[in-house]
Amino acid sequence: TQSTWGAIDHASRLFPTNTIPTPNLSIQRWLLATSCAGSWLSLIAFLESNSMFKRMGAALRTGVPMVGVFGAGSMPVFLGFALLGNVLFGNVTYHFTTLEQTAVTLFAFMNGDIVYDVYMKVSDPNSRFNTILSQIYLYTFMPIVAYSIVNVFLVIMEQAYGPAIMGTHSRLSSPSECSPTSGGQHRSFEQTERLNRDNKSTYGTIN
């Protein structure tokens, strides 16, 4: 701890506050914040000796890249709704004044926050047409993004955590699953359960 604070003090002396512009202070704060966050995140490697933390790490290593790929693929849909809302309702409410504010509003909206406020504020009392158009916009955004895309993120992480909770990794198979008696094929948990149900139904019919 003393060495860490000593390094921070040494770095602050290299860049005294009275000789650098104000914007560089934010860069110094970002570097300090990133180093502190990285120090805490590095503790995950030491906690993986515990089985629960090991499962969490395996689920994150498997699910986060898939979430990133799916998030990049769904970004055009989100940006399309953001641009549409900014152009149509930018002069109606502050929720859609700028593209950045519109993205924040839609992100909070699809996570179940300020839903009622957005519905009320986006209505234009001076135009019945704009009010109907705003309702169509929000009723379309909710099922496409909030109900579909957000739930896909949850399903991805659930599927990533499934093999981890069973003590296996989704990209690895145990020696018994790849043994010569099994034909060298990987059998998933769902396939095993389906095979057991088929055997039970067959034996029940014979008996």
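Q: In which helix is Ser 74 found?
A: In this predicted model, Ser 74 is found in helix H4, which spans residues 51–89.

Q: Why is Ser 74 called buried?
A: Its relative accessibility is 11%. Buried means under 20%, so Ser 74 counts as buried.

Q: Which residues does Ser 74 touch, leaving out those up to four places away in sequence?
A: Ser 74 touches Ile 149 and Phe 153. The cut-off for a contact is heavy atoms within 4.5 Å.

Q: How many aromatic pairs are there?
A: The count comes to 9, with ring centres required to lie within 6.5 Å.

Q: What makes the pair of Phe 70 and Phe 153 edge-to-face?
A: The ring centres of Phe 70 and Phe 153 are 5.1 Å apart and the planes stand at 80°. Planes over 60 degrees apart count as edge-to-face, so that is the name for this pair.

Q: Why can the pair of Phe 70 and Phe 153 be said to tie together parts of the chain?
A: Phe 70 belongs to helix H4 and Phe 153 to helix H7, so the pair joins parts that are 83 residues apart in sequence.

Q: Why are Phe 70 and Phe 153 called partly exposed?
A: Phe 70 has a relative accessible area of 27%, and Phe 153 has 24%.

Q: Why is the pair of Phe 109 and Phe 141 called tilted?
A: The planes of Phe 109 and Phe 141 are at 45°, and the ring centres are 6.0 Å apart. An angle under 30 degrees would be stacked and one over 60 edge-to-face; the pair is therefore tilted.

Q: Which helices does the pair of Phe 109 and Phe 141 tie together?
A: Phe 109 lies in helix H5 (residues 99–110) and Phe 141 in helix H7, and the two parts are 32 residues apart in sequence.

Q: Are Phe 109 and Phe 141 buried or exposed?
A: Phe 109 has 1% relative accessibility and Phe 141 has 0%. With the limit for buried set at under 20%, Phe 109 counts as buried, and so does Phe 141. Phe 109 and Phe 141 also belong to one aromatic cluster, which includes Phe 81, Phe 89 and Tyr 119.

Q: Where does Ile 114 lie, and why is Ile 114 called partly exposed?
A: Ile 114 lies in the loop between H5 and H6. Its relative accessible area of 26% falls between 20% and 50%, so Ile 114 is partly exposed. Phi of Ile 114 is near 45°, a positive value in a residue other than glycine. Most residues other than glycine have a negative phi.

Conventions
Residues numbered from 1 in each chain as written. Predicted model: local features only at pLDDT ≥ 70, side-chain atom pairs only at ≥ 80, totals over all residues. Heavy atoms only, no water. Helix = DSSP H or I, 4+ residues; strand = E, 2+ residues; numbered from the N terminus. Buried < 20%, exposed > 50% of the residue type's maximum accessible area, 1.4 Å probe, protein only.
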